[in-house]
Amino acid sequence: MLDKKEALSLYQKLVLVRLAEETIREEYFKDEMKTPVHLGIGAEAISVGVCHCLPSGTKTFGTYRNHALYLAVTGDTDGFFAELYGRLSGPGKGKAGSMHLCAPEHGLMATSAVVGTTIPLAVGAALANAYRKTSDVVTVFFGDGAVEEGAFWESLNFASLKRLPVLFVCEDNGLAIHAHARERRGFRSIPDAVRAFECHLGAGDGSDIVDVVQSTRAMLGQMSQEPKPGFLHFTYFRFLEHVGPREDFDAGYREKPSPQELERLDPVRRLERELLRRGVAPSALETIRAEASAKVRRGAEEAQKAPFAPPAELTTDVWT
Ligand SMILES: Cc1ncc(C[n+]2csc(CCOP(=O)(O)OP(=O)(O)O)c2C)c(N)n1
Ligand SMILES: [Mg+2]
């Protein structure tokens, strides 16, 4: 069980991510953000919870569904919105957009639109750490769809063979765009398949940040006691469409859960209920929400006033 102070700090981080994404939903149809957005409403507790347990500056890698990861690592709503609005003050000078947010100075090395691609990069970074004889753990977040990529299995195999300090975090929503796991996989379950490798294995409920934090701490403990990769499997529910700001329960490939079920699957509401049960005053939560809301609104407003990159920037930071 987390103490109240720590739980409140997690609530602050969760709410910041949620309000940032709700703001994208409100603003997106104005067509000022020239970037696809893969929103992570429902998944926030995984990035926020795992990053909460990592020493600051730990190298992390992620996917295009990376808003929670970027904000959990940096807390930087100003840079976040600047990048989404394509402005020079964004971390990628407005050239990266939502799908390639990164902040190497905070350890967030790369995120990518191409499924599975950052997994071997993370293993390479872990190999570098092992070579330099540091005990730093590299962490990589990816969806369940990435587990169907060859790059995933080659990376897990190599990391397990070399006992590299890499933490694989699978964010499993059971979906790859509209395709359910049962339509895609020739193996029974992700944890069953991974169990065959020389790595530590853990699993948890990704809708419950307390569970995410406890599972991550336990995993980091095991990895430091017996140096091997770690694999954490978290399930969660994707509230919105694959890409874009809408719900898509009318698309015909999945049912809308009941209101009670949605309450259970919402990590923000879940932590809120837990804090209230533990005697936190509703006004304390309201203050946290108001502060986060002001920070998010300022970031979005300032971004829209900021300059775009000049044309000369088209050919800078380009390596291929
Ligand atoms: C190598 C590659 N193949 C296919 C795609 C098209 N694609 C984009 S997202 C996606 C689904 C990935 O699902 P998952 O890894 O579970 O992530 P989620 O979107 O559920 O977070 C696919 C197949 C891609 N971007 N890259
Ligand atoms: Mg998925």
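Predicted model: local features only at pLDDT ≥ 70, side-chain atom pairs only at ≥ 80, totals over all residues.
Reader: Ok, so how do H4 and H11 cross?
Author: The axes of helix H4 (residues 77-84) and helix H11 (residues 282-305) cross at roughly 40° and come within 8 Å. H4 and H11 are therefore oblique to each other. The crossing is right-handed.

Reader: Which residues make the contact?
Author: From H4 you get Thr77, Asp78, Phe80, Phe81 and Ala82, and from H11 there are Lys295, Val296, Gly299, Ala300, Glu302 and Ala303. They split into six nonpolar, two polar and three charged.

Reader: And what about H1 and H11, how do their axes cross?
Author: Those axes cross at roughly 45° and come within 9 Å, so H1 and H11 are oblique to each other. H1 passes H11 in a right-handed crossing. Among the contact residues are Tyr11, Val15 and Leu19 of H1, and Leu285, Ile288 and Ala292 of H11. The residues of this contact divide into ten nonpolar, three polar and three charged.

Reader: Switching topic: how many residues are in the largest nonpolar core?
Author: That core has 78 residues, and Leu14, Val48 and Ile209 are among those with the most contacts inside it. Helix H1 (residues 4-27) gives the largest share, eight residues.

Reader: What is Ile209 in contact with, leaving aside its neighbours within four places in sequence?
Author: Ile209 is in contact with Leu10, Leu14, Ala45, Val48, Gly49, Pro267 and Leu271, with those neighbours left aside.

Note on methods
Residues numbered from 1 in each chain as written. Chains lettered and ligands numbered in written order. Core = buried A, V, L, I, M, F, W, Y, C linked by C-beta atoms within 7 Å. Buried ≥ 20, exposed ≤ 12 C-beta atoms within 10 Å, placed from the backbone. Helix = DSSP H or I, 4+ residues; strand = E, 2+ residues; numbered from the N terminus. Contact = placed C-beta atoms within 7 Å. Axes fitted to C-alpha atoms, helices over the stretch in contact; angles between N-to-C directions. Parallel < 35°, antiparallel > 145°, perpendicular 65-115°, else oblique. Left-handed = near helix turned anticlockwise from the far one by under 90°. Nonpolar A, V, L, I, M, F, W, Y, C, P; charged D, E, K, R; others polar.
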